[in-house]
Amino acid sequence: MQNYGKFYQKPWEERINLIKKNEKLTEKQIQILETAAQNKTLGNTMIENYITDYSYPEGIAFHYLINNKDYIVPMVTEEPSVVAASSHGASIIAKAGGFFASTSERLMIGQIIVENVEDTENLTKKIQKIGKELLLVADQAHPSLKRRGGGTRWLKTRILAADLVTIDIAIDVQEAMGANMINTMLEAVAKKLEELLNQQVLMSILSNYATECVARATCEIPVELLAKKGISGENIAQKISQASRVAQLDPYRAVTHNKGIMNGVDAVVMASGNDWRAIESGAHAYAARNGQYRGLSTWKLSNNCLIGELELPLPVGFVGGSIGIIPLVKVNQDLLKITSAQELECVIVSVGLAQNLAALLALVSEGIQKGHMRLQLKSLVIAAGADAIEEQTVVDKMLQAGKRDLESAKKILKEIRKRDKNAGS
């Protein structure tokens with residue numbers, strides 16, 4: 001990598017020239033990099049060694065009625081059918097009265113890991129005695145948070161091993177996700193801890209397992225709203241309830257069940273400028289909180305109604321970090337018409353539940369592939385080189401022929417173009 005020495009210090013144009021020279025990219029490939037680099041200043045601000053922008057499509061999901069308020073929901077995803085499924089699930093739930101969503105107190109957990117402990121029981125007693133002092137040190141490290149009504153709430157200790165103790169500090173981060181604030185506060189406490197108790201601190205870092213920042217959405221759907229051609233609503237509701245049960249019993253099914261939920265959750269998290277990796281990791285840990293990995297949602301049939309529930313740790317922010325510097329995030333906040341991080345949590349958890357309903361509904365009726373296939377074929381025929389006018393014709397012919405591969409798409413496209421050329425001559 002000597003040819004790239006101090007790449008981060010070089011102007012963008014020089015970086016592109018170095019890539020062109022050293023990696024022997026074609027002119028067309030270089031042009032793709034250059035054309036995609038829409039906001040060089042922002043890119044350089046957000047990440048290191050920036051060269052271009054890699055963009056995902058954004059769409060809008062409709063029919064979201066949450067706590068008696070209507071929302072349109074921006075979603076960022078590359079997967080076909082996610083936005084359509086989201087709208088479909090939400091429309092069924094809206095007809096039944098909508099979602100009812102709530103949130104817990106917005107507390108994030110920070111950890112200070114103490115290592116080389118000789119007597120863990122004795123150390124935990126000492127820490128508890130000076131707990132109030134340590135919380136004061138944390139609040140003094142970020143006084144503006146305390147002035148806004150946030151700050152530390154409690155301190156607990158846990159023995160992890162014979163030589164390891166974690167000090168967990170709960171912090172109200174207000175409207176931010178709060179990672180930088182928390183880490184600053186934790187490092188101040190760690191320094192004080194070393195001074196007072198002469199203990200070695202291994203690390204001080206927030207946890208993305210936000211068990212004290214949880215959002216919950218529920219819905220209650222009369223079974224007749226689930227009826228499909230040839231299948232009664234009660235039959236479908238029973239099957240959805242059984243599918244939900246399987247996701248509680250079998251981790252192999254639970255993983256795919258939860259992936260469907262996160263299709264919607266991640267798409268809104270991304271559109272809101274938040275960290276979808278943090279939300280993903282926390283959600284999957286939450287799915288295993290009782291010792292076995294299970295489905296995050298539950299669906300039960302009761303009194304001719306299908307009752308759905310989803311609970312997720314959702315430590316998202318409304319301000320701070322990339323939220324404040326990406327222009328599109330503010331546009332999306334205005335589209336959503338949300339005014340707080342808690343309201344955003346309510347929207348996200350509701351989207352997860354709607355996404356899950358749409359997936360289960362498809363699975364237990366016509367199968368998941370019917371809705372997916374046409375959208376996936378569109379991507380395939382575009383990859384084959386079809387333009388917007390040719391796209392639908394190629395898709396229709398592939399469906400008629402039962403073909404699903406790129407070579408068939410290219411062959412059909414070639415035949416269509418040959419036919420059109422002959423017709424025009």
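Colleague: Which residues does Y64 touch, not counting residues up to four places away in sequence?

Modeller: This is a predicted model, in which local features need pLDDT of at least 70 and side-chain atom pairs count only at pLDDT 80 or more, while totals for chains, interfaces and linings use all residues. Residues are numbered from 1 along each chain as its sequence is written, and side-chain values use heavy atoms, with hydrogens and water left out. Contact means heavy atoms within 4.5 Å. On that basis Y64 touches K69, D70, Y71, V73, S86, A90, F99, S350, V351 and A354.

Colleague: Which members of the largest nonpolar core touch the most other members?

Modeller: Such a core joins buried (under 20% relative accessible area, 1.4 Å probe, protein chains only) Ala, Val, Leu, Ile, Met, Phe, Trp, Tyr and Cys residues through side-chain atoms within 4.5 Å. Here the largest has 58 residues, and Y64, V73, I221, I240, V265 and W299 touch the most others. Helix α13 (residues 341–364; a DSSP run of H or I, at least four residues) gives the most, 13 residues. Another core, of 31 residues, lies apart from it and includes L135 and L206.

Colleague: Is N263 buried or exposed?

Modeller: N263 is buried, because its relative accessible area is 18%. This residue lies in helix α10 (residues 251–271) and touches E79, V82 and Q355, not counting residues up to four places away in sequence.

Colleague: Which residues of α6 meet α8?

Modeller: E133, L134, V137, A138, D139 and A141 in α6 do so, and their partners in α8 include T184, M185 and L196.

Terms used: Buried means under 20% relative accessible area, exposed over 50%, partly exposed in between (1.4 Å probe, protein chains only). Helices (H or I, at least four residues) and strands (E, at least two) are DSSP runs, numbered from the N terminus.
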